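Colleague: Please take a close look at one part of this model, and set it in its context. Keep it brisk.

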Amino acid sequence: MSDPQVILITGIMAAGKSTVAQALAERLPRSVHLRGDIFRRMIVSGRADMSPEQSGEALQQLRLRYQLAAHSAGLYAQAGFTVVYQDVILGPILRDVVEMLASQQPTAVVVLCPRPDVVTQREAARAKKGYGAWTPDMLDHALRTDTPQIGLWLDTSALTIGQTVDAILLRLHDAVIR
């Protein structure tokens, strides 16, 4: 089995995806930290953000965001980088994103799933606020009930960033999508 060229890190908002992805990328010899949300933020006018109602336009833009990120990850991987791609990818669409990635290069999936009470504490302590119409409990429910159980799922409630990266590196073989 070859090492993954793309490591997808997902989970709900404030699960630690950005921080863990950056720390993981810093431990790899030739790596890229690809933040999927950048493609959403590039839309200057006409952006339709996801909400509990999930409008058709918001879903189209979300799918576009994932396609752009998968394409970018593929290009970086072709250039010899290990890509640590992080984004909020919940529900059945996770399989679609993984198929986009894994069809191009070996891919691993890591799902950060701290308890909702821990996420609530983390959200309160950070400057960036992600929750509006959603709550940590709502997204955690979607993660645990609607998201395919693929890759490596880590309860990071009691782990530091370093311990989380250590766990990912130690168990990366469990995260590879075959």
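Modeller: Contact here means heavy atoms within 4.5 Å. Helices (H or I, at least four residues) and strands (E, at least two) are DSSP runs, numbered from the N terminus. This is a predicted model: local features need pLDDT of at least 70, and side-chain atom pairs count only at pLDDT 80 or more, while totals for chains, interfaces and linings use all residues. Residues are numbered from 1 along each chain as its sequence is written, and side-chain values use heavy atoms, with hydrogens and water left out.

The part I pick is helix α1, residues 17-27. Its buried residues are Lys17, Val20, Ala21, Ala23, Leu24 and Ala25. Buried means under 20% relative accessible area, exposed over 50%, and partly exposed in between (1.4 Å probe, protein chains only). What covers these residues? The cover includes four strands, β1 (6-11), β2 (31-35), β3 (82-86) and β4 (107-112). Helix α7 (161-170) is also part of the cover.

Now the setting. The protein chain has eight helices and five strands. From the N terminus the order is β-α-β-α-α-β-α-β-α-α-β-α-α. The radius of gyration, taken over C-alpha atoms, is 15 Å, close to the 16 Å that the globule rule gives for 178 residues, so the chain is as compact as a globular protein of that length. That rule is 2.2 Å times the number of residues to the power 0.38. Buried residues make up 49% of the 178. Among contacts with a separation of 6 or more, 78% join residues 24 or more positions apart.

Charge pairs come next. A salt bridge is a side-chain nitrogen of Lys or Arg within 4 Å of a carboxyl oxygen of Asp or Glu. The count comes to 10. In helix α6 (residues 136-146), Arg144 and Asp140 are four residues apart, about one helical turn. Their side chains meet at 2.8 Å, N to O. Asp140 is buried at 8% relative accessibility, whereas Arg144 is partly exposed at 38%.

Helix α2 (residues 37-41) holds another pair, Arg41 and Asp37, also four residues apart. Their closest N and O atoms lie 3.1 Å apart. Arg41 is partly exposed at 45%, and Asp37 is partly exposed at 24%.

Arg171 pairs with Asp174 at 3.2 Å. Both are partly exposed, Arg171 at 34% and Asp174 at 36%. Elsewhere, shared partners join Asp37, Arg40, Arg41, Asp49, Arg65 and Asp87 into one salt-bridge network.
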